[in-house]
Amino acid sequence: MYKRVLLKLSGEALSGESEKGFSEQMLTYLVNEIKKIHSLNIKLGIVTGAGNIFRGKELKDFQIQMADQLGMLGTVINSLYLKNLFEKNGLKSIIVSPIVNLPSVLPLKYDFIEQYFEAGYIVLFGGGTSNPLFTTDTAAALRAIEMNADILVKATKVDGIYDKDPKLFEDAKKYNNITYEQAIKEQIKVMDTEAFSICEKNNLSILIINFFKEGSLLKAVEGENIGTKVDH
Ligand SMILES: Nc1ncnc2c1ncn2[C@@H]1O[C@H](COP(=O)(O)OP(=O)(O)O)[C@@H](O)[C@H]1O
Ligand SMILES: O=c1ccn([C@@H]2O[C@H](COP(=O)(O)OP(=O)(O)O)[C@@H](O)[C@H]2O)c(=O)[nH]1
């Protein structure tokens, strides 16, 4: 079982696949999935995307730097949403972010993160990397290394990495394992090259799982052979 986990949640985990906003049904599902792993007493960090609110590239009339700032704020909005949801459900959580100063958002300080974990808090990392032109996959890789995670779990819309996009090609074949090198060489779109590269340099394994399949997250954390694992 993994004891220190960084979970990357797509913004769509809050809205439902290909939807915008927030869905009551999805939020209920999400909190139940998180409760299952929280009861295992693991140190859990979460990076959320903001695809349910803004993705920089989707805002056509904006300069990309401006659009990406909206995207990053979206991740803080999602973190606030999650904090409220978690607390309503008895899960203690804390938001840290390098980009905003709000009453419920703490600055990102390495020295304190361990204390939050020791006190049983889920740490929500908001604000992405704090730089436009990046994504929350890269933020997840950075925060995973900073929190000394055993694994980066990317919970997304597909149950692993395939030799081509399984949403587009019915005959796509799934890999159970793949090296960072192969993922980068084949330009696998499920995660950014930057994120693969940061994880490779820092020996951090990545597990890609389908968030929308009930129980997948628990199985992933328990070390069951699901999804696709990326390592050396
Ligand atoms: N080779 C591949 N294997 C798996 N998924 C792929 C591949 N190429 C493209 N994808 C697509 O990547 C998507 C997940 O990436 P992305 O949309 O960035 O996720 P998220 O919003 O969860 O960060 C999947 O829905 C899938 O359609
Ligand atoms: O370090 C970062 C992280 C995110 N973003 C912006 O925030 C948006 C939301 O993040 P992402 O697309 O990764 O969300 P997801 O697809 O995982 O929901 C991105 O599209 C970018 O516009 C950014 O500029 N820098």
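**Close-up views of two ligand sites in a predicted model**

**Figure 1. Polar contacts of ligand 1 with the protein.** In this predicted model, a polar side-chain atom of lysine 8 is placed 3.0 Å from an oxygen atom of ligand 1. Lysine 157 also approaches the ligand through its side chain, with an N or O atom 3.1 Å from an oxygen atom of ligand 1. Tyrosine 162 instead contributes a backbone N or O atom, which lies 2.9 Å from a nitrogen atom of ligand 1. The protein buries 84% of the 570 Å² that ligand 1 exposes when taken alone.

**Figure 2. The shell of residues around ligand 1.** Ligand 1 is surrounded by 18 residues, of which the closest are Lys154, Thr156, Tyr162, Asp165 and Lys167. By class, this shell consists of nine charged, six nonpolar and three polar residues. The space that ligand 1 takes is the largest pocket. Two elements, β6 (151-156) and β7 (161-162), each give two or more residues to the shell around ligand 1.

Figure 3. The side chain of arginine 55 places an N or O atom 2.8 Å from an oxygen atom of ligand 2. Glycine 56 provides a backbone N or O atom, likewise 2.8 Å from an oxygen atom of ligand 2. A further backbone N or O atom, that of methionine 72, is found 3.5 Å from an oxygen atom of ligand 2. On its own, ligand 2 has 520 Å² of accessible area, and the protein covers 92% of this area.

**Figure 4. The shell of residues around ligand 2.** The residues that surround ligand 2 number 20, and the closest are Gly51, Asp68, Thr129, Asn131 and Thr136. Eleven residues of this shell are polar, six are nonpolar and three are charged. Helix α3 (residues 64-88) gives the most to the shell, namely three residues. Ligand 2 sits in the largest pocket.

Figure 5. An unreviewed UniProt entry assigns the feature "binding site" to Lys8, Leu9, Ser10, Gly11, Gly51, Arg55, Thr156, Tyr162 and Asp165. These positions extend over 158 residues of sequence and are also spread in space, with up to 24.0 Å between C-alpha atoms. Of these residues, Lys8, Ser10, Gly11, Gly51, Arg55, Thr156, Tyr162 and Asp165 are included in the lining of the largest pocket. Serine 10 is located in the loop between β1 (4-9) and α1 (12-15).

Figure 6. Phenylalanine 134 lies in the loop between β5 (122-125) and α5 (136-146).

Figure 7. Residues 3-210 are listed by UniProt, in an unreviewed entry, as "domain: Aspartate/glutamate/uridylate kinase". This span is 38% helix and 20% strand, and its end C-alpha atoms lie 20 Å apart.

Definitions and conventions
Residues numbered from 1 in each chain as written. Chains lettered and ligands numbered in written order. Predicted model: local features only at pLDDT ≥ 70, side-chain atom pairs only at ≥ 80, totals over all residues. Heavy atoms only, no water. Near = heavy atom within 4 Å. Polar contact = N/O pair within 3.5 Å; in protein donor to acceptor, adjacent residues only side chain to side chain. Areas by Shrake-Rupley, 256 points an atom, 1.4 Å probe, with all protein chains shown as cover. 1 Å grid on protein atoms, 1.4 Å probe; cavity = no way out; pocket = protein on both sides within 12 Å on 5 of 7 lines; lining within 4 Å. Sits in = over half its atoms within 2 Å of the grid points. Helix = DSSP H or I, 4+ residues; strand = E, 2+ residues; numbered from the N terminus. Nonpolar A, V, L, I, M, F, W, Y, C, P; charged D, E, K, R; others polar. UniProt positions renumbered as here; feature names shortened; annotations may be inferred.
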